[in-house]
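Subject: Structure handover

Hello,

Here is the structure we spoke about. Please have a look, and then read my notes below.

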Amino acid sequence: MAKIVDISEKLSFDENPILKIGDLEVEVNSDAETMLKLMGTLDKGENMSAVKESMELLFEKGAVEKICSLKDKKGKKLSAGSLSKIVETAIELVVGNNEGE
């Protein structure tokens, strides 16, 4: 008889993690379908077009707009490198490589 391993209790179906950026909290889409689409987007390379596509998959439209309009206390806009870091951190959060660090 084949060995059966039940991992049902280790799986999560309903919980999306939250990414906190300053005072802004955004929900990160963590479903399997989104992650498979994201893998295809990331295969295109790490250019700003891929970052934009990744953000559209990871966050709801309203959240993407809020993230892109973030400013620091001096009114400076978010840098492109910071935008890439947000996407990278969201992906790490979803795949479990970043347990709230």
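Helix α2 passes helix α4 in a left-handed crossing (the near helix is turned anticlockwise from the far one by less than a right angle). This is a predicted model, where local features need pLDDT of at least 70, side-chain atom pairs count only at pLDDT 80 or more, and totals for chains, interfaces and linings use all residues. Residues are numbered from 1 along each chain as its sequence is written, and side-chain values use heavy atoms, without hydrogens and water.

Helix α2 covers residues 48–58 and α4 residues 80–95; they pack at about 45°, axes 10 Å apart. That makes α2 oblique to α4 (angles under 35 degrees are roughly parallel, over 145 roughly antiparallel, 65 to 115 roughly perpendicular, the rest oblique). Met-48, Val-51 and Leu-58 are among the α2 residues that meet α4, whose side includes Leu-83, Val-87 and Ile-91.

Next, α1 (residues 32–42). Its angle to α2 is about 175°, with the axes 9 Å apart. The two helices are therefore roughly antiparallel. The contact (heavy atoms within 4.5 Å) includes Met-35, Leu-38 and Leu-42 of α1, and Ala-50, Leu-57 and Leu-58 of α2. By class, six of its residues are nonpolar, three polar and two charged.

Last, the largest pocket. About 310 Å³ of space lies in it. Closest to its centre, out of 14 lining residues, are Ser-12, Phe-13, Glu-15, Ser-30 and Asp-31. The lining has six nonpolar, four polar and four charged residues.

Best wishes

Methods
Axes fitted to C-alpha atoms, helices over the stretch in contact; angles between N-to-C directions. Helix = DSSP H or I, 4+ residues; strand = E, 2+ residues; numbered from the N terminus. 1 Å grid on protein atoms, 1.4 Å probe; cavity = no way out; pocket = protein on both sides within 12 Å on 5 of 7 lines; lining within 4 Å. Points joined across faces, edges and corners; volume = space filled by probe spheres on them. Nonpolar A, V, L, I, M, F, W, Y, C, P; charged D, E, K, R; others polar.
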